[in-house]
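The sequence and structure come first, followed by the description.

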Amino acid sequence: MRIRIVDAFTDRPFAGNPAGVLLLDAFPGDHRLQDIALEVNHAETAFAHRLPEGGEADWALRWFTPAAEVDMCGHATLATAHVLHRSGAHEGPMRFATRSGVLIATPREDGSITLDFPTAPLTAVELPDGVAEALGAEPLTAFDTGPNIGDLLVELPDEKTVHALTPDHKALVAHSERGIIATARAEDPTRGYDFVSRCFFPRIGIDEDPVTGSAHTALAPYWAERLGRPDLTGLQASPRSGRVRTELRGDRTLLTGRAVTVIEGELLA
């Protein structure tokens, strides 16, 4: 069983968000998948196997954190598409059957890959008690991001505040189904990005996610409305950092980025 570690949403190794990728003949039991994800110990490990021809999807795809299976993951989908494309296992656009419906990944001539994901429905909510204290900053707005993501999206006063966050991760666990997306408008758009974000998911075993594709299905509509443009670039300001190009298309959001394979080996256990 081959296993790869791929850095996603980056064009250089040791940046972006690392994901484990395993291409299988079929899915083993859930306990086996969870054990492998815990051993890999990255934010997500993706497991995929080919589906019979003629169906609505080409590959079945599942994602596991070290602690749980998740409904949607952008960076591990990008990493899987990168492996399939670079290894020759699949040519052209690939359709993945997932817990969030059929997701499409399309390799581009410039080496990037575009993901077609459902746009997160945003609903304004009152800021839950304790969120400001847990984050260490007072949000300007708060939005629920719907069932696929299950995050609380909060806008902070400025980019510097997002960079400076040192949240109480244990306290954040009580405030959303998956985690908290903290965002702000870019201080200087000439640097090549329009907004910044950081994502904290302690409930599913990830204190801070390096680059979160799924979060950008909520960030894209949020900032498209405020900045008046459907095409934007987000900087996820984690220590590893990474950029996601977003294009809002109504109920679908396109996420574009690059990926780099850094480790390839054999799973022996």
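Asp144 has Leu152 of strand 11 as its bridge partner. The model is a predicted one.

**Strand 11 and its partners**

Strand 10, residues 141–144, runs antiparallel to strand 11 and is joined to it by four bridges. The two form a hairpin with six residues between the strands. In the turn, Gly146 has a positive phi of about 90°. Strand 11 also pairs with strand 12, here in the parallel sense and over five bridges. Within that pairing, Glu155 stands opposite Thr183 of strand 12.

Strand 11 covers residues 151–155, and five of its five residues are buried. In a regular strand, side chains alternate between the two faces of the sheet. On one side of strand 11 are Asp151, Leu153 and Glu155, and on the other are Leu152 and Val154; both faces are covered.

**Arg178**

Where does Arg178 lie? The residue is in the loop between helix 5 (169–172) and strand 12 (179–185). Arg178 counts as buried because its relative accessibility is 8%, and the cut-off for buried is under 20%. Its side chain makes polar contacts with the side chains of Asp151 and Ser214, as listed below.

| Side-chain pair | Polar contact |
|---|---|
| Arg178 and Asp151 | 2.6 Å |
| Arg178 and Ser214 | 3.0 Å |

Asp151, one of the two partners in the table, belongs to the buried residues of strand 11. Leaving out residues up to four places away in sequence, Arg178 touches Met72, Ile149, Gly150, Asp151, Phe200, Phe201, Arg203, Ile204, Thr212, Ser214 and Ala215.

**Leu24**

Leu24 counts as buried because its relative accessibility is 10%. Which residues are in contact with Leu24, leaving aside neighbours within four places in sequence? They are Met1, Leu33, Phe47, Ala48, His49 and Arg50. As for distance across the model, the C-alpha atoms of Leu24 and His163 are separated by 39 Å. Along the chain, these two residues are 139 residues apart.

Terms used:
Residues are numbered from 1 along each chain as its sequence is written. This is a predicted model: local features need pLDDT of at least 70, side-chain atom pairs count only at pLDDT 80 or more; totals for chains, interfaces and linings use all residues. Side-chain values use heavy atoms; hydrogens and water are left out. Buried means under 20% relative accessible area, exposed over 50%, partly exposed in between (1.4 Å probe, protein chains only). Contact means heavy atoms within 4.5 Å. A polar contact is a pair of N or O atoms within 3.5 Å; within protein, one must be able to donate a hydrogen and the other to accept it, and residues adjacent in sequence count only if both atoms are side-chain atoms. Two strands pair if DSSP finds at least two bridges between them.
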